[in-house]
Amino acid sequence: MDTKRLILAIALSMVVIIVYQQLFMPKPKPRPPQTQQEQVAENQVKGEPQWDEKGEKDVTTPADETTPPAKTDQLPDIFSKKKKIKKPEITKTQPEPVKEDIMDQNSKEVVVETELFRAVFINKGAGLKSFILKKYNDDEKNPLDLISSKVNKKFGAVEIYPFYFSPFEDDPEIQEIFLDLNTRKFLYTGGDNLNVNLTGSQEPTKEIVFKYANAARNISVIKTFRFSKSSYVFEVDYQVIIDGQIVEAPIIFGPDLENNVSKSRVMQTTLKLGAFNGQDVSKVTFAGLKTEKKDEGVEEARGTMGSGFHWAAYDTSYFASVIKTRGQIKYMMLKVTPPPIKKDEKVTPILYSYMIVTRPNLVFMGPKDEQILASVEQNYSFTGISEVVNYGWGFIGSIASVMLKGIVFIHGIFPNWGWALVIFTILIKIILFPLTYASSVSMAKMQTLQPKIKAIRKKYKNLKDPDQRRKMNEETMAIYKLEKVNPAGGCLPMLLQMPILIAFFRLLPISINFRHEPWILWITDLSVKDPIYLLPILMGATQIMVSKMSPTSAEGAQQKMMYILPVVFVLLFLNYSAGLNLYWFISNLLQMVQQYFINKKIFKEKKDEDRLKRAQKRKKGGKAK
C-alpha cells in the first residue's frame, strides 16, 4: 500500500510540473501561413514619383542617396525587387479629384504628454516612435518605453513604425502605395505647437492630426489621434482615399514590446498575438511560428486570425497594446540572422514580429493590471479587454483571479507585496487546514497500523495464489474498517489542494503587481528569480523536513526517493520567481508546525491506547488466576 501511495505521490508531483510547464510555456499551433505573393518595391524617390512613358516605375531607386541609412540600423532589404509596377489609373469621371499637394518639407516630432504616458509621433508616415509609461520602469530602471528599440532598424531603406500602413500586402500595387505613404512627410496641422500637454490641462481630451495629399497620384490621407489626460486608451481614426475611393488600409504594430529586459525575465516577455471573439481568446506565439526562407538570412511566417473579433492584443506577460477592431487581423514575423563576425560563430536570430489590423478604433497601451483593465472595459465599452490577462484554464484562472483579489486586499492594509503574500499564504493554510489535517491524521494512523499490516503480509507469502491474495486484502480492509482508517484519506486532500497550488504557480510570475516589488533585504523583485538562490534552497530544505516529519512506512529506496524529490524541485524552481519560492517556503514552514502538533497528538493517543490495552490485559489476566 505504501509503495502505491508513494508512486501516486510522485505521479501527482510530476503532473503538477508538467501542467505548470504547459501553462507557462504554451506552444499554440499557428494557423497555416497564407500563400506568399511576390513582395514588390516601395517608392523611395524623394519628391514626386518618376513614371516612364509606359506608365511604369523602377522601384529600386534609393530613397535618399544623400543620406544613406547607417549600417548599424540596416537589415536585409526585403522590399526591393526589380519588378515594374503599373501606375494606378485615374478615372476621369471620378468625383472631386485631389487638387493640390499636402505635405511637409521637414521632419517633425510631436510629443503628447498625459498623466500616464509620454508619446512621440513622427510626421514621416505619421507613426509612433516612442511610448513611455510614466509609472513603470524597465529592468535597467529607465522609464519604460513600450516601443522597442528594434523599430530603428531598417529593412534596406524601409522603416516600419507602429501605426504605419502595412507594407506586407499581397496586392503589389497597394503594397507599393503603402510603402510610399510610409516615407512621406505628413503635414502636422498643429503648426509650431509640437508639444501637446494634457497634464494639468482644463481640456479632458486633445487630438493631433496628420494630413497628406498627392495630386499627381490622386491620393489623400488623414490620420487623427485623440488622447485623454488620465487614460491609457486613445483613439485612432484615419482615412485613405485613392482615385475617389476609400481604401481599407491596414495599420501595423511592432516589431516588439518593451526594452532592456533582464535575462531573468525572458520567460515573461514572450510575445503573443491574441484575438477575442466574445468568449475565448485565440492566440499565436510569435516565437513558435514555423518559418519559410524569404531571402538570405531572412525567414518569415505570416498568417491571419480572421475578422469579427472584438479586439486584437499584442502582449507580453505584463504589458499590452490592445486594438479594438472588427476588421481583419493578420500577423507577420521575420526571423533575421545577422552574418557572423567570426568564422564558425554561432549567431542568434532576431525576431521582428508584427500585428496587422484593419479598421482600428480604440487603442489601449499600458500595463496588464486587472483593476485598470476593468475600468477600461467599463468606461470605454472595451468588451472583454480584461481577458488579455490569462492565468490559465477557466477553473484555474478563476481561482488565481480570486487569490489575486485577496492579496491586493491585504496589500491595502500591509503595503508590501512580499508580506501581503506571506499573510495570504497563512490564510490559505488556515482555510485548507481541515483538508491537510485530515490527510496528516490519516497518514499517521496508517503508520500505527503498519505492524499489523506487515503481520498479515507475512502470513500470506504466496501472493501469486489468487485465493491467498484475496484473503490478505480482506483482512487488511477489515483492519482499516475496525480502526476507522481510509487508506486513500492521505491522497484525496492532496488532490483537492492541487488546483490552488497550480493557480499559485500561474499567478505569481504573471501578475504585474509583483513586478519590481521588493520583499526584504536581498529580494528586490518578487517577479524574477532569487539572485542568491536562497529561497529555493530554503524551500527544498523545508520540503525535506516536511517529508521527514510526515508519517510513513517507506523504507530503503522508497525513503530515499522521498528525499530526492525535494532536490529535484529545487533544481526545477531555481530560476522561477522569488514570489513563487517564497510562497512554497512559507507553506512548508506552516506544514512543519502543523505536522509537529499532529504527530504529538496522534502518537500520544496511540500510547494512551496501548497503555489502556495493556492495563486491560493485566486486569483480565488477574481475574483468570
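Trainee: Before the contact figures, what does contact mean here?
Mentor: Contact means heavy atoms within 4.5 Å. Please note also that this is a predicted model.

Trainee: And what share of the contacts with a separation of 6 or more comes from residues 24 or more positions apart?
Mentor: Such residues account for 70% of those contacts in the protein.

Trainee: How many helices and strands are there?
Mentor: The protein has twelve helices and 24 strands.

Trainee: What percentage of the residues count as buried?
Mentor: Of its 625 residues, 48% are classed as buried.

Trainee: Which residues touch the most other members of the largest nonpolar core?
Mentor: They are Phe131, Phe155, Phe168, Ile208 and Phe504, in a core of 136 residues. Another core, of nine residues, lies apart from it, and its members include Ile456, Met472, Ile479 and Tyr480.

Trainee: Turning to helices, at what angle do α4 and α5 pack?
Mentor: Helix α4, residues 394-413, packs against helix α5, residues 417-431, at about 120 degrees, and their axes are 9 Å apart.

Trainee: Why is α4 called oblique to α5?
Mentor: The angle between them makes α4 oblique to α5, because roughly perpendicular covers 65 to 115 degrees and roughly antiparallel begins over 145.

Trainee: Is the crossing left-handed or right-handed?
Mentor: The crossing of α4 and α5 is right-handed.

Trainee: Which residues meet there?
Mentor: From α4 come Met403, Gly406, Ile407, Val408, Ile410 and His411. They meet Trp417, Ala420, Leu421, Ile423, Phe424 and Leu427 of α5.

Trainee: Now the sheet of five strands: what is the strand order?
Mentor: The order is β7-β6-β5-β4-β10, in an open sheet with mixed pairing. Its edge strands, β7 (143-145) and β10 (195-197), each pair on one side only. From one strand to the next, the twist averages 20 degrees.

Trainee: How many bridges do β4 and β5 share?
Mentor: Five bridges, in the antiparallel sense, pair β4 (residues 109-113) with β5 (residues 117-122). Val112 stands opposite Ala119 in β5.

Trainee: Moving on to β16 and β17, do they run parallel or antiparallel?
Mentor: Strand β16, residues 272-276, and strand β17, residues 281-285, run antiparallel and are joined by five bridges.

Trainee: What is the bridge partner of Phe276 in β17?
Mentor: The partner of Phe276 is Val281.

Trainee: Which residue of that hairpin takes a positive phi?
Mentor: Gly278 does, with phi near 110 degrees, and the hairpin has four residues between the strands.

Technical notes:
Residues are numbered from 1 along each chain as its sequence is written. This is a predicted model: local features need pLDDT of at least 70, side-chain atom pairs count only at pLDDT 80 or more; totals for chains, interfaces and linings use all residues. Side-chain values use heavy atoms; hydrogens and water are left out. Two strands pair if DSSP finds at least two bridges between them. Helices (H or I, at least four residues) and strands (E, at least two) are DSSP runs, numbered from the N terminus. A nonpolar core is a set of buried Ala, Val, Leu, Ile, Met, Phe, Trp, Tyr and Cys residues joined through side-chain atoms within 4.5 Å. Buried means under 20% relative accessible area, exposed over 50%, partly exposed in between (1.4 Å probe, protein chains only). Axes are lines fitted to C-alpha atoms, for helices over the stretch in contact, and angles run from 0 to 180 degrees between N-to-C directions. Angles under 35 degrees count as roughly parallel, over 145 as roughly antiparallel, 65 to 115 as roughly perpendicular and the rest as oblique. A crossing is left-handed if the near helix is turned anticlockwise from the far one by less than a right angle, and right-handed if clockwise.
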